[in-house]
Amino acid sequence: TGREDFITFGEAFLNAPPFENAADKEVASFMGTEEKPGLNSMISFPLDFSIDRVFSQGKPTAYLGYRLNTIYNAGIYRNPERLTTFIDNHDTRRFISSGTLAGLKQALFFQFTIPGIPVVYMGTEQGFQESRASMFAGGWGSEGKDHFDQHSEMYLYLQQLAQMRKRNRVLTRGD
């Protein structure tokens, strides 16, 4: 497309136990160094596991404090603002399957207000509980129904978060 700075992100499914950074170091290794660059972004599985522990399982917020400090202050990541953040995806259980709607909303708000690139997996905006269920009638797990609803509670909530992030440049370009 002629773009100079196109983002391609990779995936390393690594669980990061609380207060440990070995998984972060491995994820960061795929991003390379200034001298020998790698991928320019990675999915932040270590952060996802911390988000889940705090917002779904009710664990201490210190788990997130440690993870954020590791990502943004420890010098492990070359470009931490380029990490892609997520709440659930096709390889993990849906957040809502073991958490609450309030917890999901808090997790998404957190995701949209920290540095990084928020990625929302198809179906989160509809409150899906099955990881691989299809949004549309012809797909697996759809039970013959289209589930795309632009008026659903979660769709409207994510729309508000996206607008907030877009309106407040500090959330996309700030420190």
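This is a predicted model: local features need pLDDT of at least 70, side-chain atom pairs count only at pLDDT 80 or more; totals for chains, interfaces and linings use all residues.
1. Pocket volume and lining. The largest pocket holds about 450 Å³ of space. Its lining consists of 17 residues. Those that lie nearest the centre of the pocket are Gly116, Arg165, Leu171, Thr172 and Arg173.

2. Elements around the pocket. Two or more lining residues come from each of α4 (101-113), β4 (117-118) and α6 (170-173). Helix α6 gives the largest share of the lining, four residues.

3. Sorted by class, the residues that line the largest pocket are eight nonpolar, four polar and five charged.

4. Geometry of α4 and α5. Helix α5 spans residues 153-167, and its axis comes within 10 Å of the axis of α4. The two axes cross at roughly 20 degrees. Angles under 35 degrees count as roughly parallel, so α4 is roughly parallel to α5. The crossing of the two helices is right-handed.

5. Residues in the helix contact. From α4, the contact is made by Leu101, Leu104, Lys105, Leu108, Phe109, Gln111, Phe112 and Thr113. From α5, the residues are Glu153, Met154, Tyr157, Leu158, Leu161, Ala162, Met164 and Arg165. By class, the contact of α4 with α5 has 11 nonpolar, two polar and three charged residues.

6. Link between the two sites. Arg165 belongs to the α5 side of the helix contact and is also one of the residues nearest the centre of the largest pocket.

Terms used:
Residues are numbered from 1 along each chain as its sequence is written. Side-chain values use heavy atoms; hydrogens and water are left out. On a 1 Å grid over the protein atoms alone, a cavity is a set of points where a 1.4 Å probe fits but cannot get out, and a pocket is an open set with protein on both sides within 12 Å along at least five of seven lines; lining residues have an atom within 4 Å of a point. Grid points are joined across faces, edges and corners, and a volume is the space filled by probe spheres set on the points. Ala, Val, Leu, Ile, Met, Phe, Trp, Tyr, Cys and Pro count as nonpolar, Asp, Glu, Lys and Arg as charged, and the others, Gly among them, as polar. Axes are lines fitted to C-alpha atoms, for helices over the stretch in contact, and angles run from 0 to 180 degrees between N-to-C directions. Angles under 35 degrees count as roughly parallel, over 145 as roughly antiparallel, 65 to 115 as roughly perpendicular and the rest as oblique. A crossing is left-handed if the near helix is turned anticlockwise from the far one by less than a right angle, and right-handed if clockwise. Contact means heavy atoms within 4.5 Å.
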